[in-house]
Amino acid sequence: MTPRLIAIALLGLLSVSPALAADDAEATSQAPTQPSAAGLKVTQSPYDVHTTVQRFENVAQNQGLDVFDTIDHAAGAADAGLALPATTLVIFGNPKAGTPLMQCSRTAAIDLPNKALVWAENGKTWIAVNDMDYLAQRHHMTDCPAVPKVADKLRQLVGQTVAQ
(Lines give C-alpha, C1' and ligand atoms only; values in the text may rest on other atoms or scores of the structure.)
Protein backbone atom coordinates (compact mmCIF):
# COMPACT_ATOMS: atom_id res chain seq x y z
CA MET A 1 0.00 0.00 0.00
CA THR A 2 1.39 3.43 -0.93
CA PRO A 3 1.91 6.11 1.73
CA ARG A 4 -0.86 8.17 0.14
CA LEU A 5 -3.36 5.30 0.42
CA ILE A 6 -2.32 4.69 4.02
CA ALA A 7 -2.88 8.38 4.83
CA ILE A 8 -6.32 8.32 3.19
CA ALA A 9 -7.24 5.18 5.13
CA LEU A 10 -6.10 6.75 8.40
CA LEU A 11 -8.09 9.91 7.71
CA GLY A 12 -11.14 7.76 7.10
CA LEU A 13 -10.65 5.99 10.43
CA LEU A 14 -10.27 9.30 12.27
CA SER A 15 -13.46 10.70 10.80
CA VAL A 16 -15.38 7.57 11.88
CA SER A 17 -14.06 7.64 15.44
CA PRO A 18 -14.36 11.06 17.15
CA ALA A 19 -12.84 9.69 20.37
CA LEU A 20 -9.77 8.53 18.49
CA ALA A 21 -9.53 11.88 16.73
CA ALA A 22 -9.79 13.73 20.07
CA ASP A 23 -7.01 11.61 21.56
CA ASP A 24 -4.85 12.30 18.52
CA ALA A 25 -5.49 16.07 18.70
CA GLU A 26 -4.60 16.11 22.39
CA ALA A 27 -1.37 14.21 21.78
CA THR A 28 -0.25 16.61 19.05
CA SER A 29 -1.33 19.87 20.71
CA GLN A 30 2.17 20.38 22.11
CA ALA A 31 4.77 21.81 19.75
CA PRO A 32 7.14 19.12 18.48
CA THR A 33 10.70 19.25 19.75
CA GLN A 34 11.99 18.94 16.20
CA PRO A 35 10.23 20.00 13.01
CA SER A 36 9.79 17.30 10.42
CA ALA A 37 8.56 16.92 6.89
CA ALA A 38 8.48 13.89 4.65
CA GLY A 39 11.66 13.58 2.65
CA LEU A 40 13.81 15.90 4.76
CA LYS A 41 16.65 15.35 7.21
CA VAL A 42 16.29 18.06 9.85
CA THR A 43 19.06 18.94 12.30
CA GLN A 44 19.18 21.58 15.01
CA SER A 45 21.99 24.11 14.70
CA PRO A 46 23.60 25.71 17.75
CA TYR A 47 24.07 28.89 15.70
CA ASP A 48 21.65 31.57 14.53
CA VAL A 49 20.30 31.42 10.97
CA HIS A 50 22.82 33.87 9.50
CA THR A 51 25.81 32.08 11.05
CA THR A 52 24.47 28.65 10.08
CA VAL A 53 24.05 29.77 6.46
CA GLN A 54 27.57 31.23 6.39
CA ARG A 55 29.05 28.07 7.93
CA PHE A 56 27.13 25.86 5.47
CA GLU A 57 28.31 27.88 2.47
CA ASN A 58 31.92 27.77 3.69
CA VAL A 59 31.81 24.01 4.32
CA ALA A 60 30.23 23.38 0.91
CA GLN A 61 32.79 25.52 -0.92
CA ASN A 62 35.68 23.95 1.02
CA GLN A 63 34.45 20.54 -0.18
CA GLY A 64 34.50 21.62 -3.82
CA LEU A 65 30.80 22.35 -4.18
CA ASP A 66 29.36 25.40 -5.88
CA VAL A 67 26.94 27.65 -4.03
CA PHE A 68 24.68 28.74 -6.86
CA ASP A 69 22.37 31.02 -4.92
CA THR A 70 21.13 31.96 -1.48
CA ILE A 71 17.53 33.04 -1.15
CA ASP A 72 16.49 35.05 1.91
CA HIS A 73 12.78 34.29 2.13
CA ALA A 74 12.33 36.60 5.14
CA ALA A 75 13.70 39.54 3.13
CA GLY A 76 11.38 38.65 0.25
CA ALA A 77 8.44 38.55 2.63
CA ALA A 78 9.42 41.93 4.09
CA ASP A 79 9.60 43.39 0.57
CA ALA A 80 6.02 42.20 0.07
CA GLY A 81 4.92 43.77 3.36
CA LEU A 82 4.68 40.41 5.13
CA ALA A 83 6.43 39.03 8.19
CA LEU A 84 8.42 35.78 8.14
CA PRO A 85 11.02 34.70 10.68
CA ALA A 86 14.54 34.15 9.35
CA THR A 87 14.28 31.55 6.57
CA THR A 88 17.08 31.07 4.04
CA LEU A 89 17.50 28.59 1.21
CA VAL A 90 20.98 27.71 -0.07
CA ILE A 91 21.16 26.13 -3.53
CA PHE A 92 24.38 24.18 -4.04
CA GLY A 93 25.87 21.26 -5.89
CA ASN A 94 28.42 19.83 -8.23
CA PRO A 95 27.84 18.19 -11.64
CA LYS A 96 30.13 15.32 -10.63
CA ALA A 97 27.67 14.43 -7.86
CA GLY A 98 24.37 15.40 -9.46
CA THR A 99 24.86 14.01 -12.95
CA PRO A 100 25.15 10.37 -11.80
CA LEU A 101 21.80 10.78 -10.03
CA MET A 102 20.22 12.09 -13.23
CA GLN A 103 21.82 9.25 -15.19
CA CYS A 104 19.97 6.84 -12.90
CA SER A 105 16.70 8.74 -13.25
CA ARG A 106 16.23 11.84 -15.34
CA THR A 107 13.36 13.01 -13.12
CA ALA A 108 15.86 13.49 -10.27
CA ALA A 109 16.75 16.74 -12.04
CA ILE A 110 13.61 18.33 -10.56
CA ASP A 111 15.23 18.03 -7.11
CA LEU A 112 18.69 19.16 -8.22
CA PRO A 113 20.78 21.07 -7.54
CA ASN A 114 20.63 20.20 -3.87
CA LYS A 115 19.26 22.66 -1.36
CA ALA A 116 19.67 23.38 2.33
CA LEU A 117 16.95 25.23 4.20
CA VAL A 118 17.91 27.11 7.36
CA TRP A 119 15.24 28.69 9.53
CA ALA A 120 14.40 29.92 13.00
CA GLU A 121 11.43 28.49 14.86
CA ASN A 122 10.49 28.62 18.54
CA GLY A 123 13.84 30.11 19.49
CA LYS A 124 15.84 27.40 17.72
CA THR A 125 17.68 27.22 14.41
CA TRP A 126 17.15 24.28 12.07
CA ILE A 127 18.86 23.10 8.91
CA ALA A 128 17.20 20.65 6.53
CA VAL A 129 18.41 18.84 3.43
CA ASN A 130 16.71 16.28 1.24
CA ASP A 131 16.65 12.69 2.49
CA MET A 132 18.36 10.78 -0.31
CA ASP A 133 16.51 7.55 0.54
CA TYR A 134 13.25 9.44 0.03
CA LEU A 135 14.47 10.86 -3.29
CA ALA A 136 15.69 7.43 -4.37
CA GLN A 137 12.18 6.06 -3.88
CA ARG A 138 10.52 9.11 -5.41
CA HIS A 139 12.59 8.77 -8.58
CA HIS A 140 12.75 4.95 -8.68
CA MET A 141 16.52 4.83 -8.26
CA THR A 142 16.92 2.73 -5.12
CA ASP A 143 19.70 0.74 -6.84
CA CYS A 144 21.58 3.83 -8.00
CA PRO A 145 25.18 3.73 -6.71
CA ALA A 146 25.30 7.54 -6.54
CA VAL A 147 22.56 7.76 -3.88
CA PRO A 148 24.62 6.63 -0.86
CA LYS A 149 27.54 8.81 -1.97
CA VAL A 150 25.37 11.93 -2.12
CA ALA A 151 23.66 10.97 1.17
CA ASP A 152 27.08 10.70 2.85
CA LYS A 153 28.13 14.07 1.44
CA LEU A 154 24.95 15.73 2.73
CA ARG A 155 25.52 14.20 6.19
CA GLN A 156 29.08 15.53 6.20
CA LEU A 157 28.00 19.00 5.12
CA VAL A 158 25.36 19.32 7.80
CA GLY A 159 27.52 17.69 10.47
CA GLN A 160 30.41 20.07 9.85
CA THR A 161 28.03 23.04 9.68
CA VAL A 162 26.52 22.41 13.11
CA ALA A 163 29.73 21.22 14.80
CA GLN A 164 30.87 23.38 17.71
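Analyst: Start with handedness. A crossing of two helices is left-handed if the near helix is turned anticlockwise from the far one by less than a right angle, and right-handed if it is turned clockwise. Helices (H or I, at least four residues) and strands (E, at least two) are runs assigned by DSSP and numbered from the N terminus.

A word on the source. This is a predicted model, in which local features need pLDDT of at least 70 and side-chain atom pairs count only at pLDDT 80 or more, while totals for chains, interfaces and linings use all residues. Residues are numbered from 1 along each chain as its sequence is written, and side-chain values use heavy atoms, with hydrogens and water left out.

The part to look at is helix 7, with its neighbours. First, the setting. The protein chain has seven helices and five strands. Along the sequence they follow the pattern α-α-β-α-β-α-β-α-β-β-α-α. Helix 7 covers residues 146–162.

How do we describe two packed helices? We give the angle between their axes and the distance between the axes. Axes here are lines fitted to C-alpha atoms, for helices over the stretch in contact, and angles run from 0 to 180 degrees between N-to-C directions.

Take helix 5 (95–104). Helix 5 and helix 7 pack at about 145 degrees, and their axes are 9 Å apart. Their crossing is left-handed. Contact means heavy atoms within 4.5 Å. Helix 5 brings Ala-97, Pro-100 and Leu-101, which meet Ala-146, Val-147 and Val-150 of helix 7. By class, the residues of this contact are six nonpolar, no polar and no charged. Nonpolar covers Ala, Val, Leu, Ile, Met, Phe, Trp, Tyr, Cys and Pro; charged covers Asp, Glu, Lys and Arg; the others, Gly among them, are polar.

Now helix 3 (residues 49–62). The axes of helix 3 and helix 7 come within 9 Å and cross at roughly 130 degrees. Therefore the two helices are oblique to each other. The cut-offs: under 35 degrees counts as roughly parallel, over 145 as roughly antiparallel, 65 to 115 as roughly perpendicular, and the rest as oblique. This crossing is right-handed. Helix 3 makes the contact through Thr-52, Arg-55, Phe-56, Val-59 and Ala-60, and helix 7 through Leu-157, Gln-160 and Thr-161. Four of these residues are nonpolar, three are polar and one is charged.

What sheet do the strands form? An open sheet of five strands, in the order 1-5-4-3-2, with antiparallel pairing. Strand 1 (40–45) and strand 2 are the edges, each pairing on one side only. From one strand to the next, the twist averages 20 degrees. Two strands pair if DSSP finds at least two bridges between them.

Strand 2 (residues 66–72) pairs with strand 3 in the antiparallel sense, over six bridges. There, Val-67 has Phe-92 as its bridge partner. Ile-71 stands opposite Leu-89. Strand 4 (residues 114–121) also runs antiparallel to strand 3, joined by six bridges. Here Ile-91 is partnered by Lys-115.

Is strand 3 covered or open? Buried means under 20% relative accessible area, exposed means over 50%, and partly exposed lies in between (1.4 Å probe, protein chains only). Thr-87, Leu-89, Ile-91 and Gly-93 are buried on one side, and Thr-88, Val-90 and Phe-92 on the other. Across the 164 residues of the protein chain, 32% count as buried.

Last, the loops. Most residues other than glycine have a negative phi, and most peptide bonds are trans. Pro-113 sits in the loop between helix 5 and strand 4. A cis peptide bond joins Leu-112 to Pro-113, with omega about 0 degrees. His-140 lies in the loop between helix 6 (132–138) and helix 7. Its phi is positive, about 55 degrees, although it is not a glycine. His-140 counts as exposed because its relative accessibility is 71%.
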